[in-house]
Amino acid sequence: MSERILIARPLTREAFAPFGDVLDKRAEAARPMNSGRALRFPALAEACVADTDGRVVIGFVAAQPYAMPLTLRLVERHPLGSQAFMPLNGAPFLVVVCPDEGDRPGRPQAFVTAPGQGVSYHRGTWHGVLTPFGAAQDFLVVDRGGPGANLDEHPFEQPWRIHLPDAPPHPRG
Ligand SMILES: NC(=O)N[C@@H](O)C(=O)O
Ligand code: NI
């Protein structure tokens, strides 16, 4: 069976809207604060928890890079809360999401963030795990803490090979 190949495309708010929010201060009207010595971008997204036992937590992830093209073998979702990743450096990273089709992930969609962008997955969005490439990357993560099962995983019978844009699936020539 031939490989299933996907080419990632640049992340846009519109394309990502069914899956989550793009954290991008450029898309927000800034408000001056502290007597104008600082600018606040008030709400890039809203963190949510779906249950009273949950709470929103802020964490830190030091993530190792993945080789590209990525072999995507599994996606996951968090049914009890949203999950946001904001890189602490200006490097892009790979984001893979899937629509939900009858409680199973549909065809993946792959995106590459612009430098300085982060993402916040809506509660229950199927997504690949955090995927830096090229170099290790640190992230702030905002998601749900608390008791209960907040992780569903779905392994693919056949993996996907995900290529970065303008990286041909097969070398030319
Ligand atoms: N498990 C965890 O904190 N990370 C994953 O959910 C992920 O999306 O990378
Ligand atoms: Ni996750």
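Ala-62 is found in strand S6. In this predicted model, Ala-62 is exposed, because 10 other C-beta atoms lie within 10 Å of its own. Setting aside neighbours within four places in sequence, Ala-62 is in contact with Ala-136 and Asp-138. Met-33 lies elsewhere: Ala-62 and Met-33 are 29 residues apart in sequence, yet 31 Å apart in space, C-alpha to C-alpha.

Now take Val-61, which also lies in strand S6. Val-61 has 14 C-beta neighbours inside 10 Å, so it counts as partly exposed. Its contacts, leaving aside neighbours within four places in sequence, are Leu-130, Asp-138, Phe-139 and Val-141. The pair Val-61 and Asp-138 is 77 residues apart in sequence but 5.6 Å apart in space, C-alpha to C-alpha.

Leu-130 leads on to the ligand. Which residues surround ligand 1? They are Glu-76, Gln-83, His-127, Val-129 and Leu-130. By class, this shell has 2 nonpolar, 2 polar and 1 charged residues.

Step back to the whole protein. It has 1 helix and 16 strands. The C-alpha atoms fill a box of roughly 60 × 40 × 30 Å, taken along the principal axes. The radius of gyration is 17 Å; a compact globule of 173 residues would have a value near 16 Å, so the two agree. Buried residues make up 31% of the 173 residues. Contacts reach across the sequence. Among contacts with a separation of 6 or more, residues 24 or more positions apart account for 83%.

How far can the model be read? The mean pLDDT of the protein is 94, and 95% of its residues reach 70 or more. The model scores ipTM 0.92 and pTM 0.93. Where pLDDT is low, the predicted coordinates should not be read in detail.

Next comes the interior. In soluble globular proteins, nonpolar side chains tend to be buried together. Here the largest nonpolar core has 26 residues. Leu-94, Val-95, Val-96, Val-119 and Ile-162 touch the most other members. Several strands give two or more residues to this core: S3 (20-23), S7 (70-77), S8 (83-87), S9 (94-98), S12 (109-112), S13 (118-121), S15 (137-145) and S16 (152-163). Which strand gives the most? S9 does, with 5 residues.

Leaving aside neighbours within four places in sequence, Val-119 is in contact with Phe-16, Gly-20, Val-22, Leu-23, Ala-84, Phe-85, Val-95 and Thr-113. One of these contacts, Val-95, is itself among the core residues that touch the most other members.

Is Leu-11 buried or exposed? It counts as buried, because it has 21 C-beta neighbours inside 10 Å, and the cut-off for buried is 20 or more. Leaving aside neighbours within four places in sequence, Leu-11 is in contact with Phe-16, Val-22, Val-95, Phe-111, Val-112, Thr-113, Ala-114 and Gln-117. Phe-16, Val-22, Val-95 and Thr-113 are contacts of Leu-11 and also of Val-119. Along the chain, Leu-11 and Val-22 are 11 residues apart, and their C-alpha atoms are separated by 8.0 Å.

The peptide bond from Met-68 to Pro-69 is cis, with omega near 0°. Pro-69 is found in the loop between strand S6 (55-63) and S7.

Two residues other than glycine have a positive phi. For Asn-34, phi is near 55°. Asn-34 sits in the loop between strand S4 (31-33) and strand S5 (38-40). With 8 C-beta neighbours inside 10 Å, Asn-34 counts as exposed. For Asp-103, phi is near 70°. Asp-103 is found in the loop between strand S10 (100-101) and strand S11 (104-105). This residue has 9 C-beta neighbours inside 10 Å, so it too counts as exposed.

Definitions and conventions
Residues numbered from 1 in each chain as written. Chains lettered and ligands numbered in written order. Predicted model: local features only at pLDDT ≥ 70, side-chain atom pairs only at ≥ 80, totals over all residues. Near = placed C-beta within 6 Å. Nonpolar A, V, L, I, M, F, W, Y, C, P; charged D, E, K, R; others polar. Core = buried A, V, L, I, M, F, W, Y, C linked by C-beta atoms within 7 Å. Buried ≥ 20, exposed ≤ 12 C-beta atoms within 10 Å, placed from the backbone. Helix = DSSP H or I, 4+ residues; strand = E, 2+ residues; numbered from the N terminus. Contact = placed C-beta atoms within 7 Å. pLDDT = per-residue confidence, 0-100. Rg over C-alpha atoms; globule rule 2.2 N^0.38 Å.
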